[in-house]
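Welcome to this short briefing. Please take a look at the sequence and the 3D structure, and then read on for a guided tour.

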There are 2 protein chains.
Amino acid sequence: MWQDQTRCDQGGMAVLCAASEQIRTFTRTAQQIRAGTVILQDGDEFDKVVLVVDGWLSSSKSFEDGELQIIDFILPGDILYATNGDGMTVGLTLEAITDARVSIVPVSTWRTMLMASPDLARAVGRIRAAAQARTSERLLRLGKGSAPTRIAFAILELSLRLRSLGHDMEETFHLPLTQKAIGDYTGLSSVHVCRTMRRLVRHNILETSDHIDIRILDLAALSEIAGIDLERLEQEIAPTAA
Amino acid sequence: MWQDQTRCDQGGMAVLCAASEQIRTFTRTAQQIRAGTVILQDGDEFDKVVLVVDGWLSSSKSFEDGELQIIDFILPGDILYATNGDGMTVGLTLEAITDARVSIVPVSTWRTMLMASPDLARAVGRIRAAAQARTSERLLRLGKGSAPTRIAFAILELSLRLRSLGHDMEETFHLPLTQKAIGDYTGLSSVHVCRTMRRLVRHNILETSDHIDIRILDLAALSEIAGIDLERLEQEIAPTAA
DNA sequence: CGATGAGTTGACGTTTGTCAAGGCCGGTGG
DNA sequence: CCACCGGCCTTGACAAACGTCAACTCATCG
């Protein structure tokens, strides 16, 4: 079981809490969600803002034939604006990957909070900018990247995000994901994810234990395969305090 | 040459103008950009907001080897928040596809405007939500869609966006794009774009003239190939007045 | 102890990219 | 006016990447 729970006083959550006392209230009154629960279905009516306090969520979309694509993983301190351009419905399925705690805030409340605290508004702006930058990087790799590129990038992206939540990058880190989930995130079949990860292990770039506890052995090589400059990526996708 | 210029009193631009007198000022003082001009380079320092008044822009990212992915087309009435999570640099290359007119607004001015006009803030929220919904749909198709699915979707997405700018869907519409650009948008090679579009033409789903003036003959078939319900897609990606 | 679900590996088929050649069109310079 | 050139589209032949199917292992759980 995944017990290395991230704490709400770190990463994006810390930025938010620093910016607004009211956010801290939300972290206390957040609702518990059990792993596997579907919180929102693509097409539902919903116009609120979702604040993740703890745990991993995924937003996804799928075709009618069942083919599913994970749009993003949503980690503690992230904010999900899932509502469509019509302002009434959502275009994403939101699911808890691990046990999680989320606050669901009506837009009117949210807007009032942003108006009341310019610091909070700036912090939220940074968090949204970071999410958008991540999405752009991923679009590039889904469109033009090979399987190794996509997987290396996913691993580095998630390890950076975990690091900003207080994990150490030198250590082995655990992703609460199956290979199928990684495939749904990278647009690959689970079989090909397996093959590609085995190859990275054989080349002494990664080490795995329990199939999905990952330790990066050769960060430079992995970054090159991912097609990134690690420091630049961190600037892009890690929201900094305003 | 592309002369069917969209006008700033339609679509998203109309929504914005209705919400704020100040926006109308920006549309008058916008700067002219010539087709082909690179406005921003991935990595530049830049923390302003770009408002498109007229013409087509593209935002893109690329690998060091030159492989390029168009992240989004930016049409009149769209707003580009290109700044990264660090609040200082941009993670996108912004280029004018056609002659264009854009306003570049400092974030402080922009924030002040949003604070001053709740209507504007709501309209901007809708426009951002629509852009995000479009991106999610495209992520799904880049990850799990076949070439025909991606191309059919791109055509329908763009035709919907043009329609909300006042074009008629029954008519032939012109995309100011080469097949290479469509490939960069859909993550395909230009050769495969060509093949796939020829096949759609042979099946009497599309008709083309001048290679890229498109008329949709069988909207139902195209929607099915794209994997969408046309009405639902319009709800998602067309910002409605708040 | 069987059942289930995840990972692993091999064989094979399909989709898509790459390379190459040719055609069409608009522009440019003699 | 014409020859030439460069882009872009088109098509075919071939190669590479990735998905699918199937079988096996292993750990977990009831």
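**Where protein meets DNA, and chain meets chain**

Of the atoms of DNA strand C within 4 Å of the protein, 69% are part of sugar or phosphate, while the rest belong to bases. This is a predicted model, in which local features need pLDDT of at least 70 and side-chain atom pairs count only at pLDDT 80 or more, whereas totals for chains, interfaces and linings use all residues. Residues are numbered from 1 along each chain as its sequence is written, chains are lettered from A and ligands numbered from 1 in the order in which they are written, and side-chain values use heavy atoms, with hydrogens and water left out.

**The surface near DNA strand C**

- DNA strand C is surrounded by 15 residues, where "near" means that a heavy atom of the residue lies within 4 Å of the strand.
- The closest of these residues are Q179(A), H211(A), A147(B), H192(B) and R195(B).
- A polar side-chain atom of Q179(A) is 2.6 Å from a phosphate oxygen of DNA strand C, and for S189(B) the corresponding distance to a phosphate oxygen is 3.2 Å.
- R195(B) reaches a base: an N or O atom in its side chain is 3.0 Å from a base oxygen of DNA strand C.
- Two or more residues of this surface come from α7 (190-202) of chain A, and likewise from α7 (190-202) of chain B; helices (H or I, at least four residues) and strands (E, at least two) are DSSP runs, numbered from the N terminus.
- With four residues, α7(A) gives the most to the surface near DNA strand C.

**The contact between chain B and chain A**

- What does each chain bring to the contact (heavy atoms within 4.5 Å)? Chain B gives 51 residues and chain A gives 51 residues.
- About 4100 Å² is buried between chain B and chain A, with 57% of it from carbon and sulfur atoms; buried area is the accessible area (1.4 Å probe) that two parts lose on being put together, summed over both.
- F63(B), L139(B) and K144(B) supply 18% of the area that chain B buries against chain A, more than any other three residues.

**Salt bridges between the chains**

- Eight salt bridges are counted between chain B and chain A, each being a side-chain nitrogen of Lys or Arg within 4 Å of a carboxyl oxygen of Asp or Glu.
- K144(B) and D184(A) form a salt bridge through their side chains, at 3.3 Å from N to O.

Notes: Contact means heavy atoms within 4.5 Å. A polar contact is a pair of N or O atoms within 3.5 Å; within protein, one must be able to donate a hydrogen and the other to accept it, and residues adjacent in sequence count only if both atoms are side-chain atoms.
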